[in-house]
Amino acid sequence: MFVSSAYRYEKTAQDHLLENQANAIHYTFFNQVDQAAKLGNAIYTSMYVDNFLNKQYESNLDFYNSRKSFFDNTLLQMVESQSGLTFTFYIDNDTITNGAEFQKINQAYDMDWYKWMKKTELNKGLVFGSYMTPEGNDQRRIYYYQRLNYYGTNPDNFVVITIDYSKCNNDIANLNYGNPAYICDDERILLTNGKYSNVNKKYGLKAGLNPSYVDQVEVYGQTLYIEIVNNNKDIISVMKARWYQFLLLAVVNIILPLFVAGIIYAAYQAKLKEQENVMAKKNAELLALHSQINPHFLFNALESIRMHALIKQENETSEMVGHLAKLQRQYTEWSEDSITIEREIEFVDSYLRLQKYRFGDRLSFEIDIADECKNLFIPKLSLVTFVENACVHGIESKINPGWIFVRSYIDGDSLIMEVEDTGNGIPENTRLDILNKMRSSSIGTLKDSGRVGIVNACLRLKMISDDEVLFDLDSEVGTGTLVQICIPVKYVKSRGNRVVKSIVSR
């Protein structure tokens, strides 16, 4: 009974480990794919891009000048440098000069992605292909293609976004799981943390892998499999992992009471290991939470900046782009999840300045942070999520000018953070529904919630405070809305003191 129980516990723990490894690989790789898909969709729906690709140019010089203006106005090259993605347009337009980011469509006829598109008749898709380098090497490539026919002008225009194969492979290898892992299609090994990962060799065949865990994923026209091979699945390896329990079993034959204590200890250890596996899975799910924090205001702000730059050619655009760069870095760098309130407020200030640039006199704001709060640590992007919600749902739909107030102060043993707007307010039934989602936020409710940003922020605040954080929401239709967050100071202790201005107002 003891041997059987120990084996079952260890086998269950290994099964959880395989599942966690597959989840981590899923979040790591498909986050890269989603970034490429978002970039492709933004290009697909852009009328400015469509007009540029279908314009009839009078000469090579005319195209060159238009091309320079195109990249200056779309910021595509900045997106490319920050995301690690590269893009190429394949166009059915004889007046466009062939070269660099722009190629005529006949140049794609022999490429893997074009053959796949013709075979499947899909307007967008993910393709694992190869590219013959000038040195004669067969180099692996990951393509995401999008047909640019949103406005119905020319169905033979495409944008092809190349995902860095080596970076994807290294990210999977750096997850530091011991078991060999593979992303495969029906026949080939596409990505792995072990052998078959050389970017300059042909894809290996998956025959004979004999995986212990398989997760099937449908993604942009491809059926892919995450396959994990368990190196410790034989009974001898499993038993070696529990050698201390068998030593205890030997002692049991001499001292009976120690036998009972041994069983209790084994059960306790197994339960503890199971809890650790649950926490590991939650950590993997937190990667998904990070990727879900989507700055949906960004494209509106970019469009406003672009239009002002085109019409007025004014220098203040550079200042706005500087604020936008600060926002972009905050959204893409997740080396640490907790930052000081001082740094979070810098981000809030940049966001509100951008929104004020967009709305003009329709928006005013004031930020009031007590000195003793500045060096306390809160989850990154938590406070700005409520500020963004106040701006989008409170001020944007309001015709008259409105204010947003951001406050933080200490009350007894608690940190108080408040975000107030003088917008349109919320009906009572809607207020109660949102407040309930804030207070009951969890991984499960996040998947079903319509306000992902707020639920995400509340969930992370609950996680750092052992669920002791308190949320309150007060609103009156036609007057405005107040969100209050109360969290014990012991969970957000400061690390040193820094002095900055306490009130920033516009």
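Two strands are said to pair if DSSP finds at least two bridges between them. Helices (H or I, at least four residues) and strands (E, at least two) are themselves DSSP runs, numbered from the N terminus. The model described here is a predicted one, in which local features need pLDDT of at least 70 and side-chain atom pairs count only at pLDDT 80 or more, while totals for chains, interfaces and linings use all residues. Residues are numbered from 1 along each chain as its sequence is written, and side-chain values use heavy atoms, with hydrogens and water left out.

Strand S1 (residues 86-91) is joined to S5 by five bridges, and the two run antiparallel; here Thr88 has Val160 of S5 as its bridge partner. Strand S4 (residues 138-147) is also antiparallel to S5, with six bridges between them, and Arg147 stands opposite Phe158. Six of the six residues of S5 (residues 158-163) are buried, so the strand is largely enclosed by the rest of the structure. Buried means under 20% relative accessible area, exposed means over 50%, and partly exposed lies in between (1.4 Å probe, protein chains only). Phe158, Val160 and Thr162 cover one side of S5, and Val159, Ile161 and Ile163 the other.

S4 has a further partner in strand S3 (residues 124-132), to which nine bridges link it in the antiparallel sense. One of the pairs is formed by Tyr131 and Gln139. The two strands make a hairpin with five residues between them, and in the turn Gly136 has a positive phi of about 90°.

Next comes helix H6 (residues 165-173), where Tyr165, Cys168, Asn169 and Ile172 are buried. These residues lie on the same side of H6, because they cover an arc of only 95° around the axis, the arc being that of the directions from the helix axis to the C-beta atoms. At the start of H6, a side-chain oxygen of Asp164 comes to within 3.1 Å of the backbone nitrogen of Ser166.

What of the nonpolar interior? In soluble globular proteins, nonpolar side chains tend to be buried together. A nonpolar core is a set of buried Ala, Val, Leu, Ile, Met, Phe, Trp, Tyr and Cys residues joined through side-chain atoms within 4.5 Å. The largest such core has 46 residues, and Phe29, Phe89, Phe102 and Phe128 have the most contacts inside it. Helix H1 (residues 2-44) supplies the largest share of this core, 10 residues. A second, separate core holds 45 residues, among them Tyr351, Val384, Ile404 and Val492. Contact means heavy atoms within 4.5 Å. Not counting residues up to four places away in sequence, Phe89 touches several residues, including Ile43, Phe70, Phe102, Leu148 and Phe158.

Gln355 lies in helix H12 (residues 341-359) and counts as buried at 1% relative accessibility. Its side chain makes a polar contact with that of Tyr351 at 2.9 Å. Val419, in strand S15 (residues 414-421), is buried at 4% relative accessibility. Leaving aside neighbours within four places in sequence, Val419 is in contact with residues including Leu383, Phe386 and Val483. Gly221, by contrast, sits in the loop between strand S9 (213-219) and strand S10 (222-228) and is partly exposed at 45%. The C-alpha atoms of Gly221 and Gly125 are 5.5 Å apart, although 96 residues separate them along the chain. A polar contact is a pair of N or O atoms within 3.5 Å; within protein, one must be able to donate a hydrogen and the other to accept it, and residues adjacent in sequence count only if both atoms are side-chain atoms.
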